[in-house]
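I opened a page for a model that I had not looked at before, and I wanted to note what I looked up and in which order.

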Amino acid sequence: MAVTELFDANCAVGMVSRPGPAGAFLTPDDLAAHQARFGIGRALVYHSLALEEHPTPGNELLMQAIEGHADLVPSWLALPHHTGEFPKPARFIEELRSAGVRAVRVFPDQQRFLTDDWVSGELFAALAGQVPLFWHIDSLDTPTARELYRVSTTHPDLQIVICDVDKMINRTVTPLMREAPNVWLETGGYRTHRGIEYLSSAVGADRMVFGTKLPWQAVGPPHAELMYADIDDDARRAIGSSNLERLLAMAAW
Amino acid sequence: MFGHVWRHHAPHPHHHQPDPVAADALAGEPVEDFIIDVHSHPGPGTNFFYQGGGVGDLLRVMDRTGVDYSCFSAYTAIGPDCVRGNELVAGAVRDHPTRVIGFAVPNPNYPELAKEELIRRVDEQGFRGIKIHSTTHEYPIHGPNYIPVYEFADDHRLPILSHTYDSPARIRQLATTYPNARFIWAHAIWQHIRTPDLALTVRDLPNVFCEMSGSGNRRGQIEAFVRVAGVESAVFGSDYPVLGQTWQMGNVAHADLTHEEKRMILSENIRGVLGL
């Protein structure tokens, strides 16, 4: 079976509060060395402190940490601006452009904000057509699924990658991805039996991106899920790396 | 294997050399070692959709991962109809005796059927194990309707795969009360992180095994369990098709364990119990 070099769409560098028995990756070199065992040559990375402390210092720490690491592509976390703790969307877009950051992440469940228009509408409108959004979920429950559908259809130019999914998603994600061609799926948590095969057939292999959820999750399971999937090598290569390359190339800078 | 490496910095000082199991999994090739999946369930999903899920589908997946035998208990048996579900497994055992091992499901809510089902499936149809699911059946594992099941397993020296383990103290009580039965506690390895006493308990119980499937795939969790309980206590199971057998293969194949330790988990620890 031909093997593709992989591009990890979902991993973090830095200390975390609950790393699990094998620990976290305190430096980019540690992360890279572990990923290299699995043929992961590049990673779209965020800083753990952006999630577990606050996006503003975390995003800044990320740029310091990965300086000189061309194989680590930065992604920044975003928050709504209303409390004054985070820049207004127009300014945030300028900061992304200035820093050359081509991917934004949100964690609405963990960072406790709504994605309704009156909270996050300005942010999503500003990101649309500018930079892809990686939307991390706790679960694809009813309100989350409805919000993903609403936001993706309200902003058809906003590329949305659903991250951290679980196994019980096919009955929701199939019509969602068919209805909204701007919705993508990150496979790091997609542990559904033959899930990658199924979604490749039902929706297409061109909107899945390989991810690991390092350091919290082991790489072996999502890696094996991709490598054992009964799909052709072009599809495996697309999911493993080229879809993410194409997605990042959609950024306006 | 892999083509060019994109990273340009110096190799890690402890450069990792994959053992044969990890190398096969890295390439998406069937693992060559003898492998037994102690935990699988043919049947469609009621609460979520997955492609395939039938006996033929599992055999196909086993061919891809390199699994030689899978222990079957039917969803329908765990769910609404233990007789109908056990009959489905009996057919699979008949049709695929060199790939399928039958595990009979007694439903403790129908105690009048339990003994009869076990005799029919084990003594007459060659099933080699029992599956209990006290969570779905909403019946405690120490309830009186399970006593004939444990006694049957003890008399026949059978393995019992249980979805629920209740507590480490209950594990010890059952294992010592029925020393000839073999208890396989499903999903117990990843529970080790939440219940460290589990590994401390099972390490001294030779008739107790912990199975590794689960949705919690913390990095290093299998290794952490093995360090405390000993590798002899760990067995490979997938919970197919609720979880991907491929997913669970990746969990073991890439664990920081020796090739010999992986072989023990993948089959050797349980091979004799199943008569293989």
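**Entry 1, ground rules.** I noted that this is a predicted model, in which local features need pLDDT of at least 70 and side-chain atom pairs count only at pLDDT 80 or more, while totals for chains, interfaces and linings use all residues. Residues are numbered from 1 along each chain as its sequence is written, chains are lettered from A and ligands numbered from 1 in the order in which they are written, and side-chain values use heavy atoms, with hydrogens and water left out.

I looked up helix 5 of chain B, residues 111-124, where helices (H or I, at least four residues) and strands (E, at least two) are DSSP runs numbered from the N terminus. Its 14 residues reach 20 Å from the first C-alpha to the last, close to the 20 Å expected at 1.5 Å a residue, the expected span being 1.5 Å times one less than the number of residues. The buried residues of this helix are B:Ala114, B:Glu117, B:Leu118, B:Arg121 and B:Val122; buried means under 20% relative accessible area, exposed over 50%, and partly exposed in between, with a 1.4 Å probe and protein chains only. Just after the helix, I found B:Gly126 with a positive phi of about 80°.

I then searched for cis peptide bonds, and one runs from A:Leu214 to A:Pro215 with omega near 5°, A:Pro215 being in the loop between strand 9 (208-209) and helix 9 (220-227) of chain A. Another joins B:Tyr240 and B:Pro241, with omega about -10°. Which phi does B:Arg157 take? Phi of B:Arg157 is near 55°, a positive value in a residue other than glycine, and B:Arg157 is partly exposed at a relative accessible area of 45%. B:His187, also not a glycine, has a positive phi of about 65°, and with 8% relative accessibility B:His187 counts as buried.

How many cavities of 30 Å³ or more does the structure hold? I noted two, a cavity being a set of points, on a 1 Å grid over the protein atoms alone, where a 1.4 Å probe fits but cannot get out. About 90 Å³ of space lies in the largest cavity, and its lining includes A:His193, A:Glu225, B:Arg60 and B:Thr246. The second largest cavity has a volume of about 30 Å³, and A:Arg37, B:His16, B:Pro18, B:Ala22, B:Leu26 and B:His254 line it.

Note on methods:
On a 1 Å grid over the protein atoms alone, a cavity is a set of points where a 1.4 Å probe fits but cannot get out, and a pocket is an open set with protein on both sides within 12 Å along at least five of seven lines; lining residues have an atom within 4 Å of a point. Grid points are joined across faces, edges and corners, and a volume is the space filled by probe spheres set on the points.
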